[in-house]
Amino acid sequence: MRYGFLIDHNRCIGCHACTVACKEEHDVPVGVYRTWVKYIEKGRYPDVRRHFGVLRCNHCDNAPCIEICPTVALFRRADGIVDFDGERCIGCKSCMQACPYDALYIDPRSNTAAKCNFCAHRVEVGLEPACVIVCPEQAIVAGDLDDASSDISRIVARGKIDVRKPEKGTRPKLFYAGIEPDLLRPARMRSQDAHLWGDKAAGEDIYCTGERSAENLATEVYDVPHAPPWGRKIVAYLWAKSIAAGVLFVGGLLLGLGYDAPRLLFVLSPAAALAFTAATLLLLISDLKRPDRFYYLFTRGNPRSWLVIGGYILGGYGFTACLWLFFGVFGKSPPSWVIWPAVFLALAAAGYTAFLFVQAKGRDLWQSPFFFWHLLIQAGVAGAAVLLLANAIMFADAASLPAILTVGLILDLIVTLAEVFVAHGNEDAARARRILTQGALAGEFWGWSVSGGLLLPLVLIALWPDALFFSTASAALALAGIWAFDDIWIKAGQAIPLS
């Protein structure tokens, strides 16, 4: 049994009855929606036509929201319905990033995620979903796709149907008949400063950027709000994690090269690793809508979610940093059975977020094949920069730090340029990269990230390699550049609309 929806836009009149029925049936708060109607207009005056699109959860057979959910709050029932357990949700918003269809939202009352559940409580007692019952044109058909005699199976079998974003491989079970194709390609629409019955939220424009080209004649007339789920706390988490992982990675590298700087490498390096690891975990917890449930990551964890895997990696890394510090406090060099596991876990801590971002399948830019290596290089740069700053204060002997920082900055520059100029992903990923290099984020990318955070510190180190002031200034600029890149990477990833 596989329940699915079919929406016949040859019949749909855009009356919003399905939206109202859904809100009433599930007591959905004002400002959020489980099902909604989007309006676009196409053509040039006076030959303009309005088109409607009914949007909601696709109840995918290969649902990315289930894979990424760290607490198994999202699950597939035996009848194919993708349902949600609000009692397990921690409000991490990762499911919102994984869904390519903008189907999930945060309920402002419970601070947990929610979405269309096919009115499962009605289906279980033999009733149809509320939206099906209320539709005045019978434009919504629900039924078992595995039952060849059902209405939905017969219509789908005719073959004149569409689905949203089939290239994502989610195998959606929401089918459309007679829909305007541009309603299925949100990034091809022109956005406006206001909608038919209301203004957009301040600052929303960057997250609704459609390209204005000669062939792009679809104009968004009405839509519900879709604020970006992740913001500055995730940027701070990435930045703190780079430092946390980098200080022990670079510290282990220096110990391997035979440098003798006990206070710097035995004590300060693991202490900084512990401090920034703690900051990373606190930032992750504070970004949860239900931080009181953060321990569900371990008590109800989904072993397929990289949020859970990353939590265990950070825990293991913190333990090895404690062992490193224990030996350092007593003035002893940490043994190799502490150093090498710590270095390995440092690299794992730096890089696991790339796999989490890959699970965020709704964001095409984040599917970059370079991002894992970028995170590792950033950690090396951050670690060298922090140790260089500490070295300047403590007057320790670690003269190779500027050289390590220089190599890291050169590699960072190469990978940064590869991120935006080497083609990867689909058309939406290309548009996001153009927003970085030519659009609303170009000034921050070229000014703060590339020029200020990579080129300027390289120039300072090259011109004054032995000057303490310029080496420390280079370190500070490198740390600021990592923050700038992480900030615009999070923004650009969410700049292309999903619905």
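**Ground rules**

I am working with a predicted model, where local features need pLDDT of at least 70, side-chain atom pairs count only at pLDDT 80 or more, and totals for chains, interfaces and linings use all residues. Residues are numbered from 1 along each chain as its sequence is written, and side-chain values use heavy atoms, with hydrogens and water left out. My helices (H or I, at least four residues) and strands (E, at least two) are DSSP runs, numbered from the N terminus.

**Entry: the loop and its hairpin**

I checked the peptide bond between Tyr45 and Pro46 and found it cis, with omega about 5 degrees. The hairpin from strand 2 to strand 3 passes through two residues.

I traced an open sheet of three strands in the order 3-2-12, with antiparallel pairing. Its edge strands are strand 3 (47–56) and strand 12 (219–222), each pairing on one side only. On average, neighbouring strands here are turned by 30 degrees against each other, direction ignored. For angles I use axes that are lines fitted to C-alpha atoms, for helices over the stretch in contact, and the angles run from 0 to 180 degrees between N-to-C directions.

I call two strands paired if DSSP finds at least two bridges between them. Strand 2 (residues 35–44) is joined to the antiparallel strand 3 by 10 bridges, and Lys42 stands opposite Arg49 in strand 3. Helix 1 (residues 17–26) packs on the sheet and touches strand 2 and strand 3, where contact means heavy atoms within 4.5 Å. The direction of helix 1 makes about 160 degrees with that of strand 2.

On strand 12, I found antiparallel pairing with strand 2 over three bridges. There, Ile40 stands opposite Glu220.

Cys119 is not a glycine, yet its phi is positive, near 50 degrees. I placed Cys119 in the loop between strand 7 (113–114) and helix 4 (120–123). Cys119 is buried, because its relative accessible area is 7%.

Lys165, also not a glycine, has a positive phi of about 50 degrees. Its loop runs between helix 6 (151–157) and strand 9 (174–177). Lys165 has 8% relative accessibility, so I noted it as buried.

**Entry: the second largest pocket**

How much space lies in the second largest pocket? I noted about 330 Å³. A pocket here is an open set of points on a 1 Å grid over the protein atoms alone, where a 1.4 Å probe fits, with protein on both sides within 12 Å along at least five of seven lines; lining residues have an atom within 4 Å of a point.

The lining has 22 residues, and Leu284, Ile285, Leu288, Leu297 and Leu307 lie nearest the centre. Helix 10 gives the most, five residues. By type, I noted 17 nonpolar, four polar and one charged.

**Entry: Arg434**

I found Arg434 in helix 14 (residues 427–437). Arg434 is partly exposed, because its relative accessible area is 32%.

How values were computed
Points joined across faces, edges and corners; volume = space filled by probe spheres on them. Nonpolar A, V, L, I, M, F, W, Y, C, P; charged D, E, K, R; others polar. Buried < 20%, exposed > 50% of the residue type's maximum accessible area, 1.4 Å probe, protein only.
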